[in-house]
Amino acid sequence: MQEKTMVSDALSQINASLQSMEQMITQTANPQLRQTLIQMRNSGETCQYELYELAKNHGYYEPAAPATQEEIQQVKAIFNGNTLF
């Protein structure tokens, strides 16, 4: 298996795990369990970012172009209830 495929698969798995972890955190009432889940999520986010950097540095991933000011304003307007469409 190629390294690019392994990195991509690992990133997908970590992203899915982080989403699940976030759901568990928001639904947990036990403070100790909640703190443990938060620590696990933080560790996963660190790992995800390291893999992202590896993918970017090896040319496996090309980040999206930065948003323009107009695009940013459109998104802000949508979230503020002032849709431009």
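Contact, as used here, means heavy atoms within 4.5 Å. With that in hand, let's work through some exercises on the model above. The model is predicted, so local features need pLDDT of at least 70 and side-chain atom pairs count only at pLDDT 80 or more, while totals for chains, interfaces and linings use all residues. Residues are numbered from 1 along each chain as its sequence is written, and side-chain values use heavy atoms, with hydrogens and water left out.

**Exercise 1. The surroundings of R41**

Task: find the element that holds R41, its burial class and its contacts beyond the sequence neighbours.

Solution: 
- Step 1. R41 lies in helix α2; helices are DSSP runs of H or I with at least four residues, strands are runs of E with at least two, and both are numbered from the N terminus.
- Step 2. Its relative accessibility is 17%, so R41 counts as buried. The scale, made with a 1.4 Å probe and protein chains only, calls a residue buried under 20% relative accessible area, exposed over 50% and partly exposed in between.
- Step 3. Setting aside neighbours within four places in sequence, R41 touches L18, M21, E22 and I25.

**Exercise 2. Salt bridges**

Task: how many salt bridges does the whole structure have, and which residues are linked in a network?

Solution: 
- Step 1. Recall the idea: side chains of opposite charge can pair when their charged atoms come close. The criterion is a side-chain nitrogen of Lys or Arg within 4 Å of a carboxyl oxygen of Asp or Glu.
- Step 2. Searching the whole structure gives 3 salt bridges.
- Step 3. One of them joins R41 to E22, with the closest N and O atoms 3.0 Å apart. R41 is in helix α2 and E22 in helix α1, so this pair ties together parts that are 19 residues apart in sequence. E22 is partly exposed, its relative accessible area being 34%.
- Step 4. R41 also meets E45 in a salt bridge, at 3.6 Å from N to O. Both residues lie in helix α2, 4 residues apart, about one turn of the helix. With 38% relative accessibility, E45 counts as partly exposed.
- Step 5. Together, E22, R41 and E45 form a network of salt bridges.
- Step 6. Another bridge pairs K56 with E53, again given as 3.6 Å from N to O. These two sit 3 residues apart in helix α2, about one turn of the helix. K56 counts as partly exposed at 32% relative accessibility.

**Exercise 3. Helix α2 from end to end**

Task: compare the span of α2 with the expected one, then say what its buried residues pack against.

Solution: 
- Step 1. α2 has 27 residues and reaches 39 Å from its first C-alpha to its last, close to the 39 Å expected at 1.5 Å a residue. The expected value is 1.5 Å times one less than the number of residues.
- Step 2. L37, I38, R41, G44, L51 and A55 are the buried residues in α2, and the buried residues of this helix pack against α1.
- Step 3. After α2 comes G59, which has a positive phi near 80°.

**Exercise 4. Distances along the chain**

Task: what separates the C-alpha atoms of Q35 and I25, and those of Q73 and Q2?

Solution: 
- Step 1. Q35, in helix α2, is 10 residues from I25 along the chain, and their C-alpha atoms are 8.4 Å apart.
- Step 2. Q73, in helix α3, is 71 residues from Q2 along the chain, with 41 Å between their C-alpha atoms.
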